[in-house]
Every structure is written in structure tokens, then in C-alpha cells.
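Please describe the pockets of this protein and the residues that line them.

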Amino acid sequence: MTDELTFYTHPMSRGRIVRWMLEEIGQPYCTELLDYGTTMKAPAYLAINPMGKVPAIRHGDTVVTEAAAICAYLADAFPEAHLAPPPGDRLRGPYYRWLFFVAGPLEAAWTNKAMGFVVPAERERMMGYGRFENVIDALEGAVSRTDYVVGDSFTAADVYLGSNIGFGMQFGAIDKRPSFEQYWQRLSARPAAQRAVEIDDALMAQQAQSTG
């Protein structure tokens, strides 16, 4: 596909996940930086994402929001990057499983923990993730088996899952278990991951200078 690819983000946001994914696919893209409370809530961007949140992408006439959906979309839009099992492959199911395990149970569980919310035992059945400990144990099992979460190859599921593990450990929402640290060290050493960090860290420094 040759349609222009535009990335809407802020360097201190979940946009860092999508930046990494964009660097992995290796296609040219334009970045539009938005600020919290101003351009992110302005009519022009609300036409892209009515939630007024980043990240988002526009690929030609297609708009995609939500980091997991963007990762999945980019993997399929640019199959030459080999970041998703092809349709019909036996690994396609596990690939979807772990992408959306992170977008659902893990995201909810570690966000609630970071906010200090504890699910009462009698209400666990109401929560999609049940208990925080169950989510973390399931996650540990997934990343302990092989180098990557799906088969023997790095995929978009690793971008999304690895980013959440890295963020969660950084902010104390996920315990620094050896399997998590080893998995994150392996993924964060990838050239695309390092390029993404350098780009966003440089943008953060620029923003600090402009507001200082």
C-alpha cells in the first residue's frame, strides 16, 4: 500500500508503543504532535478520534485508534515486515489471543492497581480479569516458554505486550519477575525499539525546552 501514513501522538503517551511498531514496519510516516488539553481536544483532532486521546494513525482514508488495533492493522497492512502470522496460519489464534489479552485483562488489571483499586473477592466474577495475580501469572507463563510470545518469531503481539510489561515494571504496576525482565531486555534491545525511544526522548526534550 502506498497511501500516506500519518501518526498522531505525544511523546509521553501510549503513542510510544505505536512509534516502535512504525519503526518495525520500516515505512515512511509523518508525525503530528499534539498537546494534552489543547490540540488533542481541538475540533481538528476530535474528527480523527472523538475521544481526544492518542495514539491514532491515518493511512490514506483509513483512521485507526487504540494502540492494540493500530499494531494489528499495521502488521496486516505491511505484511512484508513479517510482524503477524498470515491468515490461516495455526499461530494466528495465539497471536490474537495475546494481543487482546494485553488490551483487555492486563491493561485493566495494572491500571486499576496503579490507581490503588482493589477488587473485593466477592466481586471478582464481575471483572473481566478476575484477580490481578491471575493476570500476572498467566502473563508470566506466556513469556517464559520461548523468546517471543507467539511461536519462534517476533510479532506485533510482542511490541504491544512487551511495551506494557516495560511500562508496568517502570511504574511499579507489574512486579520485576526474572521472566519479565529477561523478555523486556530482549525486546528493548531491538534496533527499531531503540530508534523509537531516541525519537520520542528527543521530542520530549524539545518540548521541555520550548516550555522552560
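This is a predicted model: local features need pLDDT of at least 70, side-chain atom pairs count only at pLDDT 80 or more; totals for chains, interfaces and linings use all residues.

Residues are numbered from 1 along each chain as its sequence is written, and side-chain values use heavy atoms, with hydrogens and water left out.

A pocket is an open set of points on a 1 Å grid over the protein atoms alone, where a 1.4 Å probe fits, with protein on both sides within 12 Å along at least five of seven lines, and its lining residues have an atom within 4 Å of a point. Points are joined across faces, edges and corners, and the volume is the space filled by probe spheres set on them.

| Pocket | Volume |
|---|---|
| Largest pocket | about 450 Å³ |
| Second largest pocket | about 350 Å³ |

The largest pocket is lined by 16 residues, with Ser13, Arg14, Trp110, Phe167 and Phe171 closest to its centre. Helices here are DSSP runs (H or I, at least four residues) numbered from the N terminus; helix 1 (15-25), helix 4 (92-114) and helix 6 (156-170) each supply at least two residues of this lining, and helix 4 gives the most, with four residues.

Around the second largest pocket there are 17 lining residues, and Arg14, Lys53, Val54, Pro55 and Glu66 lie nearest its centre. Helix 3 (67-77) and helix 4 are the elements that give two or more residues to this lining, the largest share, three residues, coming from helix 3.
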